[in-house]
Amino acid sequence: MANSYVTAYEMNKKEIERWHKIPSACQRVAIKDDPQVVAEGLLYIVGEDGLRIDQLAMALDTSYENAEVIMENIKDKYNQDNYGIELVAYGESYKFVTKKVVLSYAQRLFNLTKPQALSQSALETLAIIAYKQPITRVEIEELRGVGAEVMLRKLQTRGLIKEAGRSEAPGRPILYEVTKEFLDSFKLYTLDELPDLPAYDNSESENLFE
Amino acid sequence: MSFAVETLKFEGPLDLMLHLIREQKLDIFDLDMEVLTDQYIAYINALEELRLEVESEYLVELATLIEYKSKRLLPKPVENLEDDYEDPKEKLVRRLLEYQKYKDVSATLNEAYLQRQDQLAKTLSIPDNDNEEDFMVEGDPYALLKAMNKVLRRAQMNRPLLTKYTTRELSTEDRILELKASLINLPEVFGFEELLSDCRDLSEYIVTFLAILDLAKDHFLSFSIDDNENVYFGRGSAYGQ
């Protein structure tokens with residue numbers, strides 16, 4: 001059965017829409033209820049914890065590709081302006097969040113505490129780890145030219161980075177990498193979504209370094 | 001002095017150098033080390049004039065710049081000059097460019113971070129469970145205590161490192177001298193407690209105990225134990241020698 005499923009990669013956007021409209025779409029899922037309706041409900045329950053595609057596939061007893069299409073359909077649906085929430089894909093899972101327009105009204109209702117901003121040194125340290133992970137403290141310090149010990153501890157406490165084993169280098173220093181919470185905090189589904197690093201040392205400088 | 005306002009702005013020596021390069025309109029790909037070094041030194045001097053503490057990281061890079069400058073001033077064989085002399089400059093330029101990359105990308109990341117703050121989500125709702133027993137937590141009060149300690153430790157980690165403390169380090173040798181001196185004021189026979197009376201913490205108790213063992217070994221103190229296992233001390237054969 002599983003082999004007959006069409007993967008999300010094979011379908012273009014138009015095909016996905018058509019696929020969802022035909023009633024037989026439900027039959028590709030092993031449950032008899034509308035999988036998209038069920039998925040919406042499940043996403044409501046999980047809230048900020050989010051739902052991974054493989055978790056949805058398991059709950060709906062369907063393929064990963066099908067679950068992905070269902071998630072993307074819901075995402076498209078809530079992207080429209082007539083919804084106050086949207087489905088976002090952060091930190092390898094999907095979750096409902098309020099749209100930006102809601103914030104100022106929510107502030108009238110609740111005493112929303114302004115979340116802690118990240119300092120420039122915190123951002124730089126996180127950027128270095130995200131692009132170069134796994135990375136040791138000394139390597140980070142070399143790049144920034146300043147000590148990183150306190151900052152690493154702070155970022156660890158905030159759950160944005162974690163220890164990821166030890167390097168084979170002398171002294172076997174601890175390696176650091178970013179967490180799912182980091183991905184969520186920076187609106188990233190995976191690290192592949194990180195913006196490209198600017199390339200300052202390419203064309204102009206090539207002859208310079210020779 | 002304009003530097004005073006700017007001191008806190010820099011994230012480190014590399015950030016400062018990038019600022020100086022921009023300010024002096026230097027070409028980073030053909031860096032004038034002379035100007036950069038002079039400006040850097042002027043900045044550090046200005047900080048010190050203002051009696052501001054200059055972080056050691058800035059001094060490390062300062063040393064590198066001065067080393068580079070001094071090497072240039074020394075006469076060297078032509079072929080050596082070529083090798084030695086471009087290297088630290090290239091290395092510095094490479095580091096500056098690399099740092100600039102992460103500095104720039106961190107601004108982009110911060111935008112995403114701030115946008116994310118405007119998106120609110122609700123917490124996980126677990127459907128009501130009629131079976132209360134499922135919610136029984138196995139474990140004893142000590143597990144709870146341990147968990148609470150963990151929470152407190154975490155809270156502690158969140159707090160900035162502002163506390164300073166000093167410990168009094170007392171060596172066994174020092175303690176032996178102290179004990180010898182205090183013997184004058186003690187009666188012929190005295191208890192263990194009297195030697196410990198001025199101890200304030202565990203480490204001092206331990207050091208005192210070690211000192212007593214040494215004194216007993218050297219026959220400076222004699223000791224006896226009664227039926228109730230009370231330890232009594234007296235002056236040993238080595239006392240007064």
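In this predicted model, 39 residues of chain B are in contact with 41 residues of chain A. Four helices of chain B each give two or more residues to the side that touches chain A: H2, H4, H5 and H6. H5(B) supplies the largest share, 20 residues. By residue class, the side of chain B that touches chain A divides into 15 nonpolar, 11 polar and 13 charged residues.

| Helix of chain B | Residues |
|---|---|
| H2 | 13–23 |
| H4 | 56–73 |
| H6 | 141–158 |

Helix H5 of chain B, residues 78–117, matters again in the core count. The largest nonpolar core has 59 residues. H5(B) gives the most to this core, with 8 residues. Those with the most contacts inside the core are A:Leu56, A:Met71, A:Leu126, A:Ala127, A:Ile129 and A:Phe182. Apart from this core lies another, of 8 residues, including B:Leu195, B:Ala211, B:Leu215 and B:Leu221.

Take A:Ile129. Leaving aside neighbours within four places in sequence, A:Ile129 is in contact with A:Ile135, A:Ile140, A:Ile161, A:Tyr176, A:Glu177 and A:Val178. Two of these partners also face each other across a strand pair: A:Ile135 has A:Tyr176 in S5(A) as its bridge partner.

That pair belongs to a sheet. Chain A has an open sheet of 3 strands in the order S3-S5-S4, with antiparallel pairing. S3 (135–136) and S4 (161–166) stand at the edges with a single partner strand each, so one side of each has no neighbour in the sheet. Strand S5 of chain A covers residues 174–178 and pairs with S3(A) over 2 bridges.

Terms used
Residues are numbered from 1 along each chain as its sequence is written. Chains are lettered from A and ligands numbered from 1 in the order in which they are written. This is a predicted model: local features need pLDDT of at least 70, side-chain atom pairs count only at pLDDT 80 or more; totals for chains, interfaces and linings use all residues. A nonpolar core is a set of buried Ala, Val, Leu, Ile, Met, Phe, Trp, Tyr and Cys residues joined through C-beta atoms within 7 Å. A residue is buried if 20 or more other C-beta atoms lie within 10 Å of its own, exposed if 12 or fewer, and partly exposed in between; C-beta atoms are placed from the backbone. Two residues are in contact if their C-beta atoms, placed from the backbone, lie within 7 Å. Two strands pair if DSSP finds at least two bridges between them. Ala, Val, Leu, Ile, Met, Phe, Trp, Tyr, Cys and Pro count as nonpolar, Asp, Glu, Lys and Arg as charged, and the others, Gly among them, as polar.
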